[in-house]
Each structure stands twice: as structure tokens, then as C-alpha cells.
Amino acid sequence: MAIAVGRFHDVDPHDVRSRHCRLHSVAQLDSPLLDRDHREHSDAAAGAGHTGLSPRRRSQSSPCFTTVAPSGAEHADRSESKMPRVEIIAGRHARGVRELIAEAAAAIASGTRLVPAQSGLGGALLLTGSRGGEHVAVIKQLDDTAAPGSPWIGGYESQAVLREVAAFLLDHDGFASVEPTALIKISRPAMPATMASIQRFVAHEYDAGELGPSRFSVASVHRVGILDIRLLNIDRHAGNILVKNPPSSHSASAPPPPLDLVPIDHSLCLPEQLDDPYFEWLHWPQSSLPFSDDELAYVASLDPFKDAETLRAELPSLKEPAVRILTLCTIFLKRAAAVGLCLADIGDMMTREFMAQEEGLSTLEALCKQAHDSVLPPRPPSLPCPPPDGDGVDEGTTSSGGRKHVSFGDLSFAEWAAFLDTFEQLLAAALEAKKRGALLPAPGTTTSP
């Protein structure tokens, strides 16, 4: 069997516990497939199968995978209407995605069953390979694309699915080991098309909650943490950090090698307003060790504005306030690492603390609120609050249970630039104060793996 790619270029298929615990039960089941501002574009492009993309990103050259490799266009039209088809909507040029989709297409064509994942809350499904029965991928479909009688039960709201793809696109060169992930459309005979994210399955025996952190490699902890800070991940609990299976060739008489980690489940990263993150690694001993030279070089190489443009181009339905969260947190990470703060200190500045039995703002939130108010002063209490903006995010700092949430959806691009300038000025003093209190080793100090 061959799989057609794009314009029928044949390839061979492959073998086929704290105050933060409330975050574990957040359901993502009630949002529409697409946002209002993109739905009209989706309707116009329904025939082309590019749902959710802006017009400038639609192209007939999107890689598509079917179960046949016909010799003529007329035969292709007849065959493709009867065979399963997997089309890459976003992430097509990223590392490992085409190979993953080829394997998935072969598995779907073979009639393999989609098995509900044992853990998780959104209806994730495991796709088994066409040979051997091993898992190939984890699929998370949008919640309103399931057809009656189909294996797709439950689902995820559109922004959650987009965040899964965003995390992979932002993990440059596989630095944090996020597995290949893409946004796809699956079309099958006599069934509505299904939109979903797909991620390569990670072979593992444990997650981080089943083993103590003492065996985790320092590099793996740091790299997962760096990703979480950039994405403001509010749900990095132990269950979504997988422990890679150790190599079977090491000597029984030698001490066991350090274990590497693989982060999964990024549906709650990149929120649309500053929020209290949950970092499982925050109090692991590895987080208090200084970054290595390689890690410092990677952080220094990050370009928050280029990354923001990547998200706008690849995932135009991702809300702009979420993209600005990425920019802000990347700038924060770069400045903090440059002055010598360790991962634990950076995460601590992002995390809220209880004071007098009340949850106060984190250091990052307090700095952002001060910078935001200097650019766009808060409205007097006598004035009514305006309705949410076009992105569905309340303007400025919004109140919830007596606490202020800082978002950036109300700022124009000029105001956003002014905010960032003010934020960096305020940040410099806050980082110096944190550094004086931390008494850290010098950055780049060699540490054991």
C-alpha cells in the first residue's frame, strides 16, 4: 500500500496536591469550532478543507494523505471520495510532522480502532499502528466536530487544540522534547470531517508523579521549565510530564542513568490573561541549580517577536491576548536568566502567594499591572465598564472574586509597545532585588546531569 502526499507523490507508510489541584479538573467542552472573526473565512473555504485559517494561509498545496496512489486525476477524484483522507491544516513544515501524519493515515486506512485514553478529561483518543498494535498518536478533536455514532466522544474547545500545536511550534529544535504535533482534518466516507490536534505518542512506563524527582536529569527539568515559563502553563502537574523509558543496555552494576522527561498536554498554556501558573517542578531540587551554558545560550537566542509572528501566521485563530502573553513571558525569562536567576526563582516570581489567607498578585502580575496602568490608567469607578473587545477578553485589569486579572487585549499596538518598554524598566529593579535575596551560584556553573 502507498500513501499519496500532496499532489500524489508516493511515500511508503511506516509501521503501522496543593491549592493548585483545582486546575486538574478544568473541562474544555463548551466553545464553538471557530471564533466568530474566522467563521466567515471558514465557510468560504469549506470545499478546500482549510477550516480556521486566514485567507492568506490557505493553499491547495497543503499536504494530504490518502490510502491510494492513483495514476490519473480522474481516477484520483473517484478514489479520494471513497477513502479516508488526512489533511495537515497547521504545522505542516515542522520537524517530524509529515512522518507522523503518514503513519496516522496508514493506521486510519487499516481500520484500526481509536481507544479512549485512560487519563485526561477532554476525550483524548489513542491511535494504534497498522502493524504490531503499538500506539502511534494521541488525537484531540474539537468538541463540535463529532458525528453521532462516531468514535469521537467529548472534545476540546478550539483554543485548547490550537495551544497544543502552538507548544510544539515554539519548542525550537525539540529543546524541551515536545513531540511532533499538528492540526489536522480527517475526512472519511459518509461521515462529517473531524478537526483535531494530533501528537506522536510517547512510549513510557511512568509519569513524574509515579517516581521521585531525584532520578530526573537536571537538563530535562530545566528544559521543561523553560518551556512552561514561556507559555505561562497553568497546568503543569506531574501527570502531564512523562518519564522516558531508560535504555535497556546499561550495566546492572552501574548506577541507573538519569531519566529524561517529555512534556505533554498543553491545552491550558497561553491563557488570555495573566494567571497563576502551576509548575510541578518548582520545588524539585534541579530547579534551584543554575542554568548550564547551553541553556543560557538557548534562552538568549529566543526572539519573542518572531515567535509571536509565527503563531499569528500558523494559527491565526489563536487569540491575540494569548500571543502577547507569550511575548511578555519570553521577555521576562530572557531578562531573568541573563541576570543569573535560576528556574525556581523565575517560577516563584510568576506564582501567587497567600497573604493573610488571601491570594495576592505574583511579582510578575504586580509589575504588569503597574506598567499597564501607566499606559492605560484604570477607569474611574463611576464609569460603566465597556463590553469585552473583539477577542472576547475584558479590557485592562478585570476583577474576579475581588482579585484583579491583567490582560492585554485592550491595548493598541502602539500602547502594547509602550507597555513593554515600561515593563522592562520596572523589571530590571525587581530582578536585581530578587537576585540579591537569592544568593545564587554564578550562571553557567557546571552541574551534574
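I count a residue as buried under 20% relative accessible area, exposed over 50% and partly exposed in between, with a 1.4 Å probe and protein chains only as cover.

**Entry 1: ground rules.** I am working on a predicted model, where local features need pLDDT of at least 70, side-chain atom pairs count only at pLDDT 80 or more, and totals for chains, interfaces and linings use all residues. Residues are numbered from 1 along each chain as its sequence is written, and side-chain values use heavy atoms, with hydrogens and water left out.

**Entry 2: the whole protein.** I looked up the secondary structure and found 11 helices and 16 strands. These are DSSP runs numbered from the N terminus (helices: H or I, at least four residues; strands: E, at least two). Of the 449 residues, 52% are buried. The exposed surface comes to about 20000 Å², with 53% of it supplied by carbon and sulfur atoms; the areas are Shrake-Rupley values with a 1.4 Å probe.

**Entry 3: helix α10.** I turned next to α10, which runs over residues 363–375 and has 13 residues. How far does α10 reach from its first C-alpha to its last? The span is 19 Å, close to the 18 Å expected at 1.5 Å a residue (1.5 Å times one less than the number of residues). I noted L364, E365, L367, C368, A371, H372, D373 and V375 as buried in this helix.

Entry 4: I took a salt bridge as a side-chain nitrogen of Lys or Arg within 4 Å of a carboxyl oxygen of Asp or Glu. The structure holds 15 of them.

I found R352 paired with E365, with 2.6 Å between the closest N and O atoms. This pair links distant parts of the chain: R352 sits in the loop between α9 (343–350) and β13 (354–355), E365 in helix α10, 13 residues apart. Both R352 and E365 are buried.

I also found K369 bridged to D373, with the closest N and O atoms 3.0 Å apart. Both lie in α10, four residues apart, about one turn of the helix. Is K369 buried or partly exposed? K369 counts as partly exposed at 24% relative accessibility, while D373 is buried at 19%. Elsewhere, salt bridges that share partners join E309, R312, E320 and R324 into one network.

Entry 5: I checked E103 and R200, whose side chains meet in a salt bridge at 3.1 Å, N to O. They link distant parts of the chain, with E103 in helix α3 (residues 97–109) and R200 in strand β9 (residues 191–200), 97 residues apart. E103 is buried, at 11% relative accessible area.
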